[in-house]
Amino acid sequence: MRCYRAKCILEESIIRRTRDNEEEYDTFFDEKNQLINEFNEMARTMPNRNCAFISSAVKDQATIGVMMTDIEADVKAYVKNFFSFIKLECVDINFEEITVETFKRMIPNGYHDNFKFDEDLLNDYELDDLFSNYRRSYINENITKPIDKKDALAVAKKYLCSDTFEPELKRIFRKNSVGVTKGIPVHYLVQSDNAHRLADTLVSSLYSNNRLGCARYTVLDLYNLSARSSDIRELFRVCSGSTIIMNCCGLKCTNSDNCTADETIPDILFDLINVYKNEIQFIFTFSNDRRRSSFKSQV
């Protein structure tokens, strides 16, 4: 799943309310809101469901929220179809990939926005429960920043891991003539007292070289993990097409009070890793703690 904020320039300015045109103003936005909801209703019937809405608009500039469950879909073409359907002409679009939580915050609340979005249309995406847990300590969403080969290798040198980390970075930066890599050919285990910094560099390097199609990555802190099994499964589903960094530093593999008697957190995680191994890039991070982690021995 990918989420975007799109800055769009419209051919004409959005109508402004005045004392003389209140009826025309209300009719305009009633029509647009109805079309927006119709557009998303149709998207719900598609195998790869996507959705879009206008978050805000001033004069000839509009900000759009877009969610694409099909990670290979052309988001620009999708937004153009969206504007065409709601009968607004868009002449320029600039995209920025965002986190799922930011996408949720962009939805107009209906109290002061002229454009209104029926949040019930998101029910099929089953995001509500997950969003309520996104502020907890064990999940942290990020958008990676591009990095060049020189800066990536400098990180390997700085943290004294040139012998092991540098060869992999060089492989990643090797020219890829086939475009975005299909599937996930390799997953990573990073052990270092600076494992978080190295993992961040790894994600940036992979994304900068078209080996990842999504800039969003999620850090799952297993040390603080105390979630329902349904929450963990939902998180993996939403992260399909992106990256999960599993922070295993200081991990003690204990069962969660929220799990059933016949399943443990490691059991759930290993099951999900196996299910999503071709859809999610996994990076496991461990510190240099000499105590052996039972989780690490199974990775």
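Welcome to a predicted model, in which the protein has 299 residues. Its fold is built with 10 helices and nine strands.

**The protein as a whole**

- Of the 299 residues, 48% count as buried.
- The exposed surface comes to about 16000 Å², and carbon and sulfur atoms supply 44% of that area.
- Among contacts with a separation of 6 or more, 77% are accounted for by residues 24 or more positions apart.

**Helices α8 and α9**

- Helix α8 covers residues 229-238 and helix α9 covers residues 265-276; their axes lie 11 Å apart and the helices pack at an angle of about 20°.
- Angles under 35 degrees count as roughly parallel, so α8 is roughly parallel to α9.
- On the α8 side, the contact is made by Ser229, Ile232, Arg233, Phe236 and Arg237.
- On the α9 side, the residues include Ile265, Ile268, Leu269 and Tyr276.
- Sorted by class, this contact of α8 with α9 has eight nonpolar, one polar and three charged residues.

**Helices α5 and α6**

- Helix α5 (residues 149-158) and helix α6 (residues 165-172) have axes that come within 9 Å and cross at roughly 165°.
- An angle over 145 degrees counts as roughly antiparallel, and α5 and α6 are therefore roughly antiparallel to each other.
- The crossing of α5 past α6 is right-handed.
- Here Lys149, Ala152, Leu153 and Ala156 of α5 meet Phe165, Glu166, Leu169 and Lys170 of α6.
- The contact of α5 with α6 has five nonpolar, no polar and three charged residues.

Methods: Residues numbered from 1 in each chain as written. Predicted model: local features only at pLDDT ≥ 70, side-chain atom pairs only at ≥ 80, totals over all residues. Heavy atoms only, no water. Axes fitted to C-alpha atoms, helices over the stretch in contact; angles between N-to-C directions. Helix = DSSP H or I, 4+ residues; strand = E, 2+ residues; numbered from the N terminus. Parallel < 35°, antiparallel > 145°, perpendicular 65-115°, else oblique. Contact = heavy atoms within 4.5 Å. Nonpolar A, V, L, I, M, F, W, Y, C, P; charged D, E, K, R; others polar. Buried < 20%, exposed > 50% of the residue type's maximum accessible area, 1.4 Å probe, protein only. Areas by Shrake-Rupley, 256 points an atom, 1.4 Å probe, with all protein chains shown as cover. Left-handed = near helix turned anticlockwise from the far one by under 90°.
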